Number of protein chains: 2
Amino acid sequence: MTLEKEIEISNDYYLSIGKAVIHKKPTPVQIVDVSYPKRSKAVIKEAYFRTPSTTDYNGVYNGYYIDFEAKETKNKTSFPLKNIHEHQVKHMKSVYEQKGITFLLIRFKTLDEVYLLPYVPFEYFWKRAQQDIKKSITVEEIRKNGYHIPYQYQPRLNYLKAVDKLILDESEDRV
Amino acid sequence: MTLEKEIEISNDYYLSIGKAVIHKKPTPVQIVDVSYPKRSKAVIKEAYFRTPSTTDYNGVYNGYYIDFEAKETKNKTSFPLKNIHEHQVKHMKSVYEQKGITFLLIRFKTLDEVYLLPYVPFEYFWKRAQQDIKKSITVEEIRKNGYHIPYQYQPRLNYLKAVDKLILDESEDRV
């Protein structure tokens, strides 16, 4: 199962039990040509994918604004930063400054391990990459600076547990 | 200028001065056929508009989760509720229960007046419509239960001022 599918299942579960309202944003598309056939619905005949200017997921959890991007990698030892766009990082920075909870969910496919990496350590690794020092984050660095999300029964990917830890740790840091 | 355009300008302004991070969600589209021409970008050849399952706008403002739908009406005396989908109301209810700030922005085109109508009074009028009592909300009812957003210099539609009042009033109600 893809990480995207797992998150969708978790989000549906959270919504159904009244725990959180978090959705994936629709893929941004630039619509160029639409035809309106008689007696049937409008058909988009020409459109193009646009680069997303924000992250893929956002919503609300017990009063907290939640905002994240989810990425999978086949790489066993590190997460390549080419997976993330610069405007997404800029967006996460703005969210962090507005006291939102923002992070990456990273899945190492071959290890079958998922981590929540908060914006603050991520920003450090991102800046390091900008300086051409290292274009990726090692698994060890993610383990040290992020939160492991162990698979469980329901939902399989209970990422809000890691969000709880992040909120607790950030509230201590920010006070 | 459309209400959508005015909100976009306000949101760009809020982002630029570091006041809030609020975006319009992309139009949800179901993509059926994509062609990948050589040496040029992917073209979506067949797609359909999907009914949105949430509201159009969301984001974060000083730690608060903000979620709203914006609607214009040419009607001079009332706002017809056929403009709002049932799943959008359900979504707003879930957001409210998660302690998010959720509301409608309603513009009366001919009066050139914009109001913020919070979820709680809106829910009352929505339920009244479900009971076939009245399928719209009168301007007077909106004036009494919502917040008028006077046009000003920059941004022209400073709707966060009304959000501030709503946050203040809700914090008093909820305590």
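The following questions and answers concern the basis of several assignments in this predicted model.

Local features require pLDDT of at least 70 and side-chain atom pairs pLDDT 80 or more, whereas totals for chains, interfaces and linings use all residues. Residues are numbered from 1 along each chain as its sequence is written, chains are lettered from A, and side-chain values use heavy atoms, without hydrogens and water.

Q: Why is A:N158 called buried?
A: Buried means under 20% relative accessible area, with a 1.4 Å probe and protein chains only. A:N158 has 12%, so the residue counts as buried.

Q: What makes the approach of the A:N158 and A:Y14 side chains a polar contact?
A: A polar contact is a pair of N or O atoms within 3.5 Å, one able to donate a hydrogen and the other to accept it. The side chains of A:N158 and A:Y14 make such a contact at 2.6 Å.

Q: Why is the pair of A:Y14 and A:Y159 called edge-to-face?
A: Rings of Phe, Tyr and Trp (its six-membered ring) pair if their centres lie within 6.5 Å; planes under 30 degrees apart count as stacked, over 60 as edge-to-face and the rest as tilted. Here the centres are 5.6 Å apart and the planes at 80°, so the pair is edge-to-face. A:Y14 lies in helix α1 and A:Y159 in helix α5 of chain A, 145 residues apart.

Q: Why is the pair of A:F122 and A:W126 called tilted?
A: The ring centres of A:F122 and A:W126 are 5.9 Å apart and the planes at 40°, so the pair is tilted.

Terms used
Buried < 20%, exposed > 50% of the residue type's maximum accessible area, 1.4 Å probe, protein only. Helix = DSSP H or I, 4+ residues; strand = E, 2+ residues; numbered from the N terminus.
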